[in-house]
Amino acid sequence: MLWLAVCFGAGIAFADLSGLSPFIASAIGATAIALAAVFAKNKTSAVFVFAAFIMLGAVSLQIQRSAVAENRIKRIFDDGRIESGEPVEIEGVLTSGPEPAYDGMFLRIRVEKLRYKGVDQTASGEVRLFALLKAAADDDYQRLGLRYSSRIRVACSLDREDRFRNPGVMPRREILDRQGIDAAGTVKSPLLIETLGEDDKFAPLGWVFDLRANFITGFRENLSGPAAGIMIASLLGDKHFLDRETAEVFREGGTFHILVISGLHITFIGGILFWLVRRVTRRRTAHFIVPVVFLWAYTLAVGAEVPVVRASLMFTILLFSYVIYRQASLLNTLGFCTLILLVWRPDDLFNPSFQFTIISVGAIVAFAFPLIEKLRSIG
């Protein structure tokens with residue numbers, strides 16, 4: 001699985017550099033698959049399998065980049081049909097619960113309709129809005145009852161352009177695209193938001209997001225500012241409440257990664273849950289289902305960033321091998337996770353966060369673990 005993931009990634013990189021036609025890549029891939037079937041009993045079949053996965057990677061990238069619809073928000077702005085900062089009215093559904101922050105909250109909306117200069121049109125994509133929260137407006141927001149799956153209409157200004165950024169830094173459009181956001185904006189008053197009811201969504205997810213918001217409120221009410229910021233960042237993945245002084249202390253000490261939800265958190269939480277369930281029952285299905293369900297709910301609640309998804313995938317695969325009485329290979333598991341992530345979002349291959357995650361875990365699994373075992377074997 002690791003070699004297949006490497007080939008798939010190589011295909012993505014090749015397509016990005018060469019601009020290979022998806023039709024040609026598909027034809028080459030189909031030919032390679034046919035040749036692999038013909039020479040199935042020969043060792044050379046592996047070469048054709050690798051070639052097929054290289055072409056599959058190339059096709060996946062082309063499909064992802066060509067799948068941007070004409071009515072996608074980012075395409076509308078990138079084509080200049082609407083200028084950044086122009087007032088618009090959007091209608092859509094909240095894809096997560098309102099995320100609390102200092103002086104406001106973040107709303108992430110899956111857009112379905114867009115009104116610009118009095119003209120309505122269908123639209124797609126996701127936008128992130130920051131709603132300013134002042135004392136006078138707090139009750140108004142409470143009356144709106146915003147939560148996961150709420151259908152709303154918002155008057156706002158959306159933006160995809162770089163503003164007040166240092167030369168040489170990553171363009172804002174690229175940052176938004178990597179976060180899966182088409183545009184961002186600010187809502188200055190609750191009077192600009194209208195609730196239109198609830199969308200038919202998976203109810204347990206709403207409970208997860210509500211529970212997360214309640215935890216954030218509880219930490220802020222019962223702990224001092226710096227302590228609440230540390231707890232919220234390290235347990236719930238929200239760094240908006242970290243004050244500058246506290247963040248600098250962690251950076252100077254080289255321990256800021258503790259405040260970022262990653263494989264460390266997932267492994268620790270999953271390991272504890274697995275141990276607790278094993279103390280209660282001997283049923284392996286329960287050993288698998290309980291930790292996995294909790295971990296994926298936690299993954300969604302903290303934002304489903306690539307390192308968290310990768311860690312949850314690895315934990316799920318390793319635990320599944322335990323359930324079916326099979327010995328799991330860490331390199332095989334890493335390859336399978338990498339392959340799934342690249343199939344899901346091929347463009348992530350060029351994301352530094354994804355690269356760092358895969359390379360660091362690969363180094364641990366391929367070099368550190370074998371080295372430790374060799375040292376143990378010689379005493």
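Which ring does the charged end of R284 sit over? The ring is that of Y322, and its centre is 4.1 Å away. This is a predicted model, and every value here is computed from it.

**Charges over rings**

R284 is one case of a charge placed over an aromatic ring. R345 is another: this residue lies over the face of W344. The two cases are set out below.

| Charged residue | Ring | Distance to ring centre |
|---|---|---|
| R284 | Y322 | 4.1 Å |
| R345 | W344 | 5.1 Å |

**Around V323**

R284 also touches V323. Setting aside neighbours within four places in sequence, V323 is in contact with R284 and F288. V323 belongs to helix 12, which spans residues 306-323. Is V323 buried or exposed? Its relative accessibility is 17%, so V323 counts as buried; the cut-off for buried is under 20%. F354 is another matter. V323 and F354 are 31 residues apart in sequence, and their C-alpha atoms are 29 Å apart in space.

**Aromatic pairs**

How many aromatic pairs does a search of the whole structure find? The count is 6. One of them joins Y148 and F209, with ring centres 5.4 Å apart and planes at 45°, so this pair is tilted. Y148 sits in the loop between helix 5 (138-144) and strand 6 (150-159), while F209 is in helix 7 (residues 203-222), so the pair ties together parts that are 61 residues apart in sequence. Both Y148 and F209 are buried.

**Cysteines**

The structure holds 0 disulfides. A disulfide needs the two sulfur atoms within 2.5 Å. C337 is also buried, with a relative accessible area of 0%. C156 is buried as well, at a relative accessible area of 6%.

**A hairpin**

Strand 3 (residues 104-116) pairs with strand 4 (residues 119-122). The sense is antiparallel, and the pairing runs over 4 bridges. Y116 stands opposite V119 of strand 4. What lies between the strands of this hairpin? There are 2 residues between them, and K117 takes a positive phi near 55°. In a regular strand, side chains alternate between the two faces of the sheet.

Definitions and conventions
Residues are numbered from 1 along each chain as its sequence is written. This is a predicted model: local features need pLDDT of at least 70, side-chain atom pairs count only at pLDDT 80 or more; totals for chains, interfaces and linings use all residues. Side-chain values use heavy atoms; hydrogens and water are left out. Buried means under 20% relative accessible area, exposed over 50%, partly exposed in between (1.4 Å probe, protein chains only). Rings of Phe, Tyr and Trp (its six-membered ring) pair if their centres lie within 6.5 Å; planes under 30 degrees apart count as stacked, over 60 as edge-to-face and the rest as tilted. A charge sits over a ring if NZ of Lys or CZ of Arg is within 6 Å of the ring centre and within 35 degrees of the ring normal. Contact means heavy atoms within 4.5 Å. Two strands pair if DSSP finds at least two bridges between them.
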